[in-house]
Amino acid sequence: MNVSPWPTGKKLVHLDLKGAPPRMSYMEKLIPLIARLGADGLLLEYEDTFPYEGDLKVLQATDHPLYSREEIKSIQDLAKSNGLEVIPLVQTFGHLEFVLKHREFWELREAVYSLGTLNPHREHSVNLVLQMVRQVLELHPDIRCLHIGADEVYVLGQGEESRNWLCIPGHDIHQLFLGHVTKVAKLIRATWPHLSLIMWDDMLRSISHSTLKDSGLVELVQPMLWDYSPSLDVAGTVNLLETYKSAGLSKVWAASSFKGSTDVSTCVTSTQRHVDNHLQWLQVAAALPSGIEMQGIAITGWQRYDHLSVLCELLPVGLPSLASCLETLCQGSFSKESQTKVTETLGISTVEVKDIVSSPCAASCSPYPGQRLAKLVVELSELLQSEELRFQDTNMFVKGWFTPYHRRRKIINPLMGQQIQQHAAALLTAVELKVEAVRQEMVTYFPESTALEWIEQHVSVVLDPIRRLLEDIQVTIQKVLPSSFHLLSPGQHG
């Protein structure tokens, strides 16, 4: 498919730092590469990796390192020296799990059972987000744009104060949402009038153009329409743009995805899926309604679906996809020539990370920082999903001589148990060697805590059942043999 290249505006790469925050040594390689690949800016989402101070110091991460004030300045200097604009993202309504999980802020939850959404009726809620914005802006003195989030404001209207407010004639859930965002945006603009404010658009989609127009929000924000699907509804998105235009929201952004949007626990990025998403966005751009001013596109790279969810694909695993998506936007297609440009730029054999053949080039000279880690993650992920590791479902000796029935009653033929032990132990040893190789490589680019979390979330869930099986067999064998008897290993003879 050939359409025009991305028409106007910036191409931002979103770095989601709320999970697997890259070490500065990796940032120093990553940021110049992002610029070489054709990006114009960075959308930085810090969450708990930001060095909040004073009353907000509690927001700092305790389970992984955060960026120091000097490092945040260094990130901006790196971006500037590579021609990249920096736009911070500070959540101001939804996705405040990293704030509202702390006891100090429990009273500011919209609903006690939901950690993500702020209670819009409390003055302290507004003061809190303004304090967060102020601290972030103080460390980003040269920025021209700020993203204020406001997506996926779940359970809004379900808190007691909101229910009472909604009982008043003429009040509705849309006004409740718009009221908080408008208030926050006005206060930010009052202090920093030079800033352009961006917000996610999903909470606006069901609101009529007349309600949007009357809300006071129109002159304050630029909506960022996000859709990460490879089958994005082009006509529906163009119609949505028409609605925003009729409401007076003519300056808009798009948001695509290069990783972190396939499934909550995906480990290996599919380049084609994300290229297809960008091809759909190019069709939207080609059909922009008259009067719509497209400010740019943010190519998101989610590291978690939210603060408390599992890690998605790590950045090195997603780099071939990012390069391919940027090339697609720059060329208006993803032709063979475009694919060749990506593979030559990164020094790889194919744009699909799962199919990359290891490069003979040493890691220090590779134009693809983190290639070895990506390859190791792919290999380990394939092994973890293999038939072989469905040991308890496929092994003949387990299925025949150590079923749940046998395990509960602790009965086994020791000779059969020995067969299971040998097979399972060999399997575990082989996998654990790969896991250790991944861990050692991962800590080169990410904190030790990231490696430990990734292994516990993605590896232990597969290996622990095999470990428990071995433990149960050992206990059962000891129960059915005389204490003086030592079972010979296969190959030994009495």
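How many disulfides does the structure hold? The structure holds zero disulfides, a disulfide being a pair of cysteine sulfur atoms within 2.5 Å.

## About the model

This is a predicted model, in which local features need pLDDT of at least 70 and side-chain atom pairs count only at pLDDT 80 or more, while totals for chains, interfaces and linings use all residues. Residues are numbered from 1 along each chain as its sequence is written, and side-chain values use heavy atoms, with hydrogens and water left out.

C312 takes part in no disulfide, and its nearest cysteine sulfur, that of C267, is 9.0 Å away. C312 is buried, with a relative accessible area of 0%. C167, at 65% relative accessibility, counts as exposed. For these words, buried means under 20% relative accessible area, exposed over 50%, and partly exposed in between, using a 1.4 Å probe and protein chains only.

In soluble globular proteins, nonpolar side chains tend to be buried together. Here, the largest nonpolar core has 146 residues, and those with the most contacts inside it are L15, M132, F177, I188 and W454. Helix α16 gives the most to this core, with 10 residues. Apart from it lies another core, of 14 residues, among them M224, W226, Y228 and W302. A nonpolar core is a set of buried Ala, Val, Leu, Ile, Met, Phe, Trp, Tyr and Cys residues joined through side-chain atoms within 4.5 Å.

## Aromatic rings

The structure holds eight aromatic pairs. One of them is formed by F93 and F177, which are stacked at 5.6 Å centre to centre with 5° between the planes. F93 lies in the loop between β3 (85-89) and α3 (97-100), whereas F177 belongs to helix α6 (residues 173-191), so the pair ties together parts that are 84 residues apart in sequence. Both F93 and F177 are buried. Rings of Phe, Tyr and Trp (its six-membered ring) pair if their centres lie within 6.5 Å; planes under 30 degrees apart count as stacked, over 60 as edge-to-face and the rest as tilted. Helices (H or I, at least four residues) and strands (E, at least two) are DSSP runs, numbered from the N terminus.

Ring pairs also link Y26, Y445 and F446 into a cluster. W226, a member of the 14-residue core, has R205 over its face, at 5.1 Å from the ring centre. A charge sits over a ring if NZ of Lys or CZ of Arg is within 6 Å of the ring centre and within 35 degrees of the ring normal.

## Salt bridges

A search of the whole structure finds 22 salt bridges, each a side-chain nitrogen of Lys or Arg within 4 Å of a carboxyl oxygen of Asp or Glu. One of them joins E432 and R467 (3.1 Å, N to O). This pair links distant parts of the chain, with E432 in helix α16 (residues 414-445) and R467 in helix α18 (residues 460-480), 35 residues apart. E432 is partly exposed at 33%, and R467 is partly exposed at 28%.

R467 also forms a salt bridge with D464, their closest N and O atoms being 2.8 Å apart. Because R467 and D464 are three residues apart in helix α18, about one helical turn separates them. Elsewhere, salt bridges that share partners join K10, E85 and R144 into one network.
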